[in-house]
Amino acid sequence: GSFPPPTRAPRSEVVSIAKRYLGAPYRWAASGPNSFDCSGFTMFVYRQVGVYLPHSSRAQIGYGQRVSRSDLAPGDLVFFGSPIHHVGMYVGGGMYIHAPQTGDVVKISSMNRGDFAGACRP
């Protein structure tokens, strides 16, 4: 969707926190600090700056100001799937950091995927 330009300042400091966990293994329902699922990862990282998110990608999109793809800033949460089933954190340059799936690790990937569902700025 298209939304008005965000009025809330981006929380870019969370990107450096998130990068500390690159390589941590994916584990369903895990919320850190040694392993994560996708929403557990974003929940854990944002908690480090005093923002409390639910442990659900579908619920997290409602916890912040909605942001158009053209207004993404580092730290914004990005969501994928219909219905939403995946969340990560925008790091800039068309890339996001996320805990992808079983057998994988926290990593930075391109947002060039066809199932982008929206974004928010907690």
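This report describes strand pairing and backbone geometry in a predicted model.

Residues are numbered from 1 along each chain as its sequence is written, and side-chain values use heavy atoms, with hydrogens and water left out. Because the model is predicted, local features need pLDDT of at least 70 and side-chain atom pairs count only at pLDDT 80 or more, while totals for chains, interfaces and linings use all residues.

Helices (H or I, at least four residues) and strands (E, at least two) are DSSP runs numbered from the N terminus, and two strands are said to pair if DSSP finds at least two bridges between them. Strand β3 (residues 86–92) pairs with strand β4 (residues 95–98) in the antiparallel sense over three bridges, and M89 has I97 in β4 as its bridge partner. The two strands β3 and β4 form a hairpin with two residues between them, and in the turn G93 has a positive phi of about 60°. On to the next pairing: β4 and strand β5 (residues 107–110) are antiparallel over four bridges, with H98 opposite K107 in β5.

| Peptide bond | Geometry | Omega |
|---|---|---|
| G32 to P33 | cis | near 5° |
| S82 to P83 | cis | near 5° |

P33 lies in the loop between α1 (13–19) and α2 (38–47), whereas P83 lies in the loop between β2 (77–80) and β3. The loop between α1 and α2 also holds A29, which has a positive phi of about 70° although it is not a glycine. Most residues other than glycine have a negative phi, and most peptide bonds are trans. A29 counts as partly exposed because its relative accessibility is 41%, where buried means under 20% relative accessible area, exposed over 50% and partly exposed in between (1.4 Å probe, protein chains only).
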